[in-house]
Amino acid sequence: MADGSTTNFDADLTDAHDARGLGAKLRSFGRVNPRFAPNLARTMLAKRDGSVVEAFNAHSEKVGYEFTSGWASNNIPFVTPVLRDFVAKRGDGAIRYLEIGAYEGRNLAFMDWLIPDRLNVTVIDPWFDEALNPEEKYHAVEPRFHRNMARTSFRSMTARKGFSTYELPKMLAAGEQFDLIYVDGSHTALAVLIDLCFCASLLSVGGMMVLDDYWHDISEIGGPGVKQATDQFHAAFGRYFEITAVYRQVALTKIAEIPR
Ligand SMILES: C[S@@+](CC[C@H](N)C(=O)[O-])C[C@H]1O[C@@H](n2cnc3c(N)ncnc32)[C@H](O)[C@@H]1O
């Protein structure tokens with residue numbers, strides 16, 4: 001397409017396109033948080049179903065989604081059993097789902113495919129922003145997101161155009177609540193720590209939040225990254241969460257309300 005996207009998903013656009021080299025990944029892996037280590041070992045030893053990525057790719061092609069990135073593919077074999085388990089415990093009702101950082105909506109398309117007809121969705125993404133998200137590609141990503149979302153069958157979809165740092169406090173003030181939250185926006189520790197604190201408050205007891213890119217310990221614009229924020233958050237509030245899974249992502253289930 002004119003904006004560089006393709007309706008045929010390119011499965012090669014995954015880990016190999018991670019901007020960080022192998023050295024950075026190994027360094028980060030060497031600093032595993034001891035509180036997460038047992039769960040990481042359990043997740044890595046568990047059986048994974050790789051065929052789910054192929055099944056979702058075939059679905060995407062059939063629907064005609066326009067995707068240029070496959071970030072979510074690395075997580076799909078791990079997160080699928082976690083999500084299936086979460087949904088199985090919740091009966092038949094609607095699930096309030098928040099995604100921070102939607103990009104062109106590929107993970108959302110995956111969620112719609114895996115959990116059909118159940119999700120009331122809210123997304124937060126600034127897409128292009130002159131000062132803080134200035135890459136020109138975002139001018140094309142935002143309309144592509146809307147074209148892709150028009151092909152989904154969510155119960156509802158609210159897109160909040162803005163940064164989570166500013167949108168989340170408004171949502172908390174308005175009394176919004178979510179059952180499932182996916183944090184995949186900024187990679188700076190400062191923004192991620194704000195995301196986690198607000199998401200912990202917006203999450204209902206029994207709800208789960210999935211934090212992406214846990215192993216990034218340096219953000220793309222410099223300074224501490226997702227890992228420091230997640231480790232610090234868990235050090236302070238770990239007693240209010242059960243560690244559900246650890247791999248590239250960390251999934252935490254809220255077991256009690258946090259005093260605030
Ligand atoms: C890795 S992409 C998200 C990919 C998407 N979740 C998926 O898997 O298909 C990161 C997105 O986060 C957005 N972003 C960056 N900082 C943000 C912030 N502070 N709040 C919300 N979104 C942010 C970017 O505009 C970008 O679209």
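**View 1. Phe145, a buried aromatic residue.** In this predicted model, Phe145 has a relative accessibility of 1% and therefore counts as buried, since the limit for that class is under 20%. Trp127 likewise has a relative accessibility of 1% and counts as buried.

**View 2. The pairing of Trp127 with Phe145.** A search of the whole structure finds 13 aromatic pairs, and one of them is formed by Trp127 and Phe145, whose rings are tilted, with 4.8 Å from centre to centre and 45° between the planes. This pair links distant parts of the chain, as the two residues are 18 residues apart: Trp127 lies in the loop between strand E2 (119-125) and helix H6 (138-149), while Phe145 belongs to helix H6.

**View 3. The edge-to-face pair of Tyr214 and Trp215.** The ring centres of Tyr214 and Trp215 are 4.9 Å apart and their planes stand at 70°, so the pair is edge-to-face, a class that requires an angle over 60 degrees. Tyr214 is buried, with a relative accessible area of 1%, and Trp215 is also buried, with a relative accessible area of 9%.

**View 4. An aromatic cluster that includes Phe36.** Tyr214 and Trp215, the two residues of the edge-to-face pair, form one aromatic cluster together with Phe36.

Key: Residues numbered from 1 in each chain as written. Predicted model: local features only at pLDDT ≥ 70, side-chain atom pairs only at ≥ 80, totals over all residues. Heavy atoms only, no water. Phe/Tyr/Trp six-rings, centres within 6.5 Å; stacked < 30°, edge-to-face > 60°. Helix = DSSP H or I, 4+ residues; strand = E, 2+ residues; numbered from the N terminus. Buried < 20%, exposed > 50% of the residue type's maximum accessible area, 1.4 Å probe, protein only.
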